[in-house]
Amino acid sequence: MVKETVRLAAVFMLIAVIIGCGGQKPAQAPQAQKPVEPAFVAQIKTLDTMFVASKSLVGPYSGTGQAIGELFAWMEKNKVLATGAPFGIFMDNPAEVKPESTRFKVCVPVPAGTKGDKQANITIEKFGGMTVAATEYIGPYDKVQPTYEKLTKWIGDNNYQIIGPGMEFYLSDPTKTPPESLRTEICFPVKQMPAPEK
């Protein structure tokens, strides 16, 4: 399992390169046909309660991959095993806040009883137990914005209100998955609004 943690650390250091470089690939011959974009599908679900190792940061969201890699490196050093997919929590709207001032947190689910590390800025906290609107996005990390827009519209259209920051759960191994096939689950904490009066 320690070897698996080391591998995951390397994987998420690579995310930093993919996000930081815009997920660019070497030039390829033009394809005859553009793939059909899948229909947008969202759902309301409960995000289970979990313990996470988390690291809070301020700066461009493009630093997410590097921060996750650093978190995995700390876990490997301290023999802490991941119990779920890593994810990011993004507190600010990058359209309204300058990149150097955006606040975010990277998290990895860990076993209960894991100890934090104040010196390394690693906190162990209980997270989840909330209702979220969720959708799966497939594609490069730097092209996710239109999916956020679709999800926020879907939330309003279905009589829900966003009550917390957006989250991205990284479901693919970027060392084995081409950018156009990377799977990310995007979530917002929500609450149901009263039905409109007729």
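Helices (H or I, at least four residues) and strands (E, at least two) are taken as DSSP runs and numbered from the N terminus. On this basis the protein has three helices and nine strands, and from the N terminus on these elements run α-β-β-α-β-β-β-β-α-β-β-β. The model is predicted, so that local features need pLDDT of at least 70 and side-chain atom pairs count only at pLDDT 80 or more, whereas totals for chains, interfaces and linings use all residues. Residues are numbered from 1 along each chain as its sequence is written, and side-chain values use heavy atoms, with hydrogens and water left out.

Buried residues (under 20% relative accessible area, with exposed meaning over 50% and partly exposed in between; 1.4 Å probe, protein chains only) make up 40% of the 198 residues in the protein. Contact is defined as heavy atoms within 4.5 Å. Among contacts between residues at least 6 apart in sequence, 80% join residues at least 24 apart.

Strand pairing requires that DSSP find at least two bridges between the two strands. Strand β2 (residues 50–58) pairs in the antiparallel sense with strand β4 (residues 103–110) over eight bridges and, also in the antiparallel sense, with strand β5 (residues 123–127) over five bridges. Phe51 stands opposite Val110 in β4 and opposite Lys126 in β5.

Asp92 is found in the loop between β3 (87–90) and β4. Asp92 is buried because its relative accessible area is 14%. Its side chain reaches the backbone nitrogen of Arg103 at 2.8 Å, a polar contact (a pair of N or O atoms within 3.5 Å; within protein, one must be able to donate a hydrogen and the other to accept it, and residues adjacent in sequence count only if both atoms are side-chain atoms). Neighbours within four places in sequence aside, Asp92 is in contact with Tyr61, Val97, Ser101, Thr102 and Arg103. Asp92 and Tyr61 are 31 residues apart in sequence, with a C-alpha to C-alpha distance of 9.8 Å.

Tyr61 also belongs to the lining of the second largest pocket, where Tyr61, Pro94, Gln145, Tyr148 and Glu168 lie nearest the centre among 28 lining residues. The elements that give two or more residues to this lining are α3 (145–157) and β8 (166–170), and α3 gives the most, with four residues. A pocket is an open set of points on a 1 Å grid over the protein atoms alone, where a 1.4 Å probe fits, with protein on both sides within 12 Å along at least five of seven lines; lining residues have an atom within 4 Å of a point. The volume of the second largest pocket is about 690 Å³, taken as the space filled by probe spheres set on the points, which are joined across faces, edges and corners. Its lining divides into 16 nonpolar, eight polar and four charged residues, where Ala, Val, Leu, Ile, Met, Phe, Trp, Tyr, Cys and Pro count as nonpolar, Asp, Glu, Lys and Arg as charged, and the others, Gly among them, as polar.

Three further loop residues were examined. Thr177, in the loop between β8 and β9 (183–192), counts as buried at 19% relative accessibility. The side chain of Thr177 reaches the backbone oxygen of Asp173 at 2.8 Å; beyond four places in sequence, Thr177 is in contact with Ser172 and Leu182. Lys79 is not a glycine but has a positive phi of about 55 degrees; Lys79 lies in the loop between α2 (64–77) and β3 and is exposed, at 65% relative accessibility. Asn121, likewise not a glycine, has a positive phi of about 60 degrees. Asn121 is placed in the loop between β4 and β5 and is partly exposed, with a relative accessible area of 37%.
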